[in-house]
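These are my notebook entries on a single protein chain. I record what I looked up, entry by entry.

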Amino acid sequence: MLKAGSLPSPVINALSSNITSSKNKIDSQTFIELRSDIPHIRIYFSVDGTKPDPFQVFKTGHVSTFLYRGAFRLGPGRRVVKAIAVTTDGLRESSITTKYFDVNDMYSEPYPDEYADQEQSFHQIEKSPERTPPNNKKKKPRTNTDPRRSMSANQLKNDMERIPYDDGYNVQGSIEGPISPVNYAGTQINIWGTPGGNLTDGLMHIADPHRNPNYGYMTEQMLERLQPSKNVPQITDVTQEEDFWDRKPKPFSPGNGNWKKTLEHLFLNIYNYVKDEQELQELFGWKKFGRIETARLIDKGSVYQIVTTFKKPLGEQTTYEEPPPRKPVPKKRPPKRTRTPPDNEDRPYRPVQVTPPPSPPPEHHDEPAHTEDKEHEEHTPRIYTEETVQQGTLVPFADFNVERDCDNLRKAMKGFGTDEDMLIHILGNRSSDQRVKIRDQYKSMFGRDLKDDIKGDTSGNFEKILKNLLYSPVEYDCHELRRAIKGAGTDEEALIEILTSRSSKRIKDINDQYQTLFNRTLEKDIVGDTSGHLKKILVALVQGHRPETNEVNEDEAENDAKALYEGGEKKWGTDESKFVEILSNRSNAQLKAVFNAYGHFSKKDIEAAIKSETSGNLCKALLAIIRVMRGRPAFFAQQLKKALKGIGTDEDELNRVVISRCEVDMIQIKEEYENIMKRTLEKHVESDTSSHYRKILLELLKDPSQRTQKAGNAKFENVELPGYEQPAVYKEDLIQQGTMPAAPNFDAGRDADALRKAMKGLGTDEKVLISILGNRNTAQRMQIKAAFKDKLGRDLISDLKSETSGNFSKLLERLMMDPVELDCFELKQAVKGLGTDEETLIEILASRSNERIKAITESYQKLYGKPLEKDVKSDTSGDFRRLLVSLMQGNRPETTEVDVEKAKQDAQEIIDAGPAKFGTDEAKFNVLFCNRSDSQLQINFYSLNRK
């Protein structure tokens, strides 16, 4: 386990060449150094004020913690650098060192007064054509062997103001991440002496005859302080090679791992393409490109796509008001290109669902063919795939043992007092699937409802969250929706949150489960409790028709954005139906593209437009959809903020978000919450809640790396349960044969006529009844009953009861029932009226298969309008009731395998729970008799007799 503070903290220094300046006020060209005198350590740091996390760098989907590899520089503004030292074996770490810097952009803003007398501004230097050094500064000669760099002798105090410790470290900007050295133009410093930072940018800049010579000069000034490396790589300017600009690119790059050759191949292709395109030459010639912000290489199947984003200089940044040109660069213009691609070269990307027409032959470059190809490209949908990153805080427990957990939970609540820490430890560290298994197994083992036991031993918000944790995710959503609708008033925000944030499949499962749980449809309840356009959008969401795909069609997004604009801001009044249609029937990724495209038609953001065009609950619903589609973590962070802010806490909202998202994307939600509130979610929960309720919430919010893998606390963690190994296993052969085979030459219509004839008129021919009903199996008797009803329009059971009497009538009546219906009838008779027929209950529940028992419970509810379990509980008591309830769960293993070793263990446990103990542990008998197969119980009894 990490031991914080056992290492000295690293030191954060600003390597400023100006010794008179403040240590915390630096410029954007000052290097920051992190150092420690302890060997065999790594230093991790962050620059956005967040705590450095050495072990989960990518947990939130973007990099916030960096591994220190060399000196680096910071962008302009108020910066907070935090650093931590960790040993290479990961066992010890230091305390966190924090240092604040005010970083001034020395090339975009004037220096403060304290610098005015010490150095000349770069604006003044740039205006000087001869690059005259500042007054009163002694000129120092230096040599420069690189012909591509300026030979100016100006030295901005770098040499004369060096301090001793500068020479002891090799300063270099070499970290991986968004922090990178920048020069005064806002572009990346590099060894080429040009803006950019890669080979392609360098070559393109060198090729420009109008390039600014200050670039090379500034690079020299920034690199002057760097210590020479022992192994300096030899840089070759490939553009100076003979006939470089006249080279013809090869059909394909080498693809053998030589990335430099690949970049050369890309550059030559770009150069040959641009030199014949006047429009592109104008665009590239007059635009100022800063450093690369992002670059992606996307495999599009038949082609590769390179997407690169460059930063704009500070002076040229504008608001995004006008829509960008739809097609600034044609993707293919064969008539104007001097390079003819080989026949085997792939065509430009076309989506799978669109079949492109065959390209015209190269030798025919007439204008009609070019126009047709251009029109086709304009109508080609632009499709890409969006990727999302999600990670929950609660993961499945690795050493999960359902029997052990049930046993520990029962012990925690049994007797006087309750061990709340054990409840928190188990239910706060098991996934939803594992908690449902615990809930079901608990009833099978002890004949008790875990929710009822929790209700009896806990109270308040702690009881409420524990009971909610025992639901499956779909069941929990159903109960929350029912709570939002039931009673006076409607919780519209709960309806909106659940229906807008769940997937289409989840919503369909919710519809089915809601009908099962409450015997009513969700849509009908929503229609009855809402009105207007809110009702329309909720009903549309309840259908679960939203596509679940990450593909984005930009052309469709443009059309939808235009439709929203024309249905809202552009017209008098608002066409709410258009908003409902688009926002409830597009995929998440597609809607994000629609919201981005909306800015092409309106100066307002889509959220501002919704607020101005709609109001009330409809506005809340539409805004919720927009925020969910833009980012679920940010949406749920806002929901948590509403639940926790102000006086009091909305526990229902807090429980719903934490329980439903802790296994999905709670790590991202926590980070969004910290960005919004400037404090961690855990600290806010800790300050707004109390007692055991606070503990269970913090347990659910705990990161996976912080969770314990112990099965229980010190009191129960050494519980020994029967193992699952089967050292001596064999299968028992069962032989079953009934006395009632199917009758040959069976005809249901003929038998129905014969039965009617036997009961028609005066008297009854009982022999015919016995001959037919006593020689037909169950399936055939059911067919006779159906045929009797279809042909004669009469109920066979009613006719038999009217024509016979006594026990003979009862037997015939039962013969005409199917097996499940007969069991339900017998169980109802056993609990009906005064007294209870316990033998009938035991016989049926102990002898039926799991499938048969589950069918009995469903049919009993339909036949008599109340659950079988409720009737049995009301007519029985004590351990006998718990035994029957366990049998009604239908969880007994159905296998013919027999484990001899387990049988010996079970036999010993029976002895320990009964004869060898003062009193009897009935719960142990419950567990063993209701959770073993028939074959296993037989060998258990045999082993017991031998002891």
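I note at the outset that the model is a predicted one.

**Entry 1: helix α24**

I then looked at the helix itself. Helix α24 covers residues 666–677, 12 residues in total. From its first C-alpha to its last I read 16 Å, close to the 16 Å expected at 1.5 Å a residue. I listed its buried residues as M666, I667, Q668, I669, K670, E671 and Y673. I also looked up what these buried residues pack against: the partners are α22 (632–644), α23 (651–661), α25 (681–688) and α26 (691–701).

**Entry 2: the chain overall**

I turned to the totals. The protein chain contains 39 helices and 15 strands. It has 947 residues, of which 42% count as buried. Its accessible surface comes to about 51700 Å², and carbon and sulfur atoms hold 50% of that area. For contacts with a separation of 6 or more, I noted that 70% are between residues 24 or more positions apart.

**Entry 3: confidence**

I checked pLDDT before reading further detail. The average for the protein chain is 75, and 71% of the residues score at least 70. I marked two stretches. Over residues 329–379 pLDDT stays under 50, and the model has 51 contacts beyond four places in sequence for them. Over residues 714–727 pLDDT also stays under 50, with 26 contacts beyond four places in sequence. Where pLDDT is low, predicted coordinates should not be read in detail.

**Entry 4: strand β2**

I asked how many residues of strand β2 are buried. The count is 4 of the 5 in residues 11–15, so the strand is largely enclosed by the rest of the structure. I looked up its pairing with strand β4 (residues 31–35): the two run antiparallel and are joined by 5 bridges. For L15, I found the bridge partner in β4 to be F31.

**Entry 5: T87**

I located T87 in strand β7 (residues 77–87). T87 counts as buried because its relative accessibility is 8%, below the cut-off of 20%. A polar atom of the T87 side chain lies 3.3 Å from the backbone nitrogen of L91. Leaving aside residues up to four places away in sequence, I listed L7, H40, I41 and R92 as the residues that T87 touches.

**Entry 6: L541**

Is L541 buried or exposed? At 5% relative accessibility, L541 counts as buried. I placed L541 in helix α16 (residues 532–542). Not counting residues up to four places away in sequence, L541 touches L499, T500, I507, R546, S584 and I625.

**Entry 7: T764**

I found T764 in the loop between α27 (748–759) and α28 (766–773). With a relative accessibility of 17%, T764 counts as buried. Which side chain does the T764 side chain join in a polar contact of 2.7 Å? I identified the side chain of E803 as the partner.

Notes. Residues numbered from 1 in each chain as written. Predicted model: local features only at pLDDT ≥ 70, side-chain atom pairs only at ≥ 80, totals over all residues. Heavy atoms only, no water. Buried < 20%, exposed > 50% of the residue type's maximum accessible area, 1.4 Å probe, protein only. Contact = heavy atoms within 4.5 Å. Areas by Shrake-Rupley, 256 points an atom, 1.4 Å probe, with all protein chains shown as cover. Pairing = 2+ DSSP bridges. pLDDT = per-residue confidence, 0-100. Polar contact = N/O pair within 3.5 Å; in protein donor to acceptor, adjacent residues only side chain to side chain. Expected span 1.5 Å × (residues − 1).
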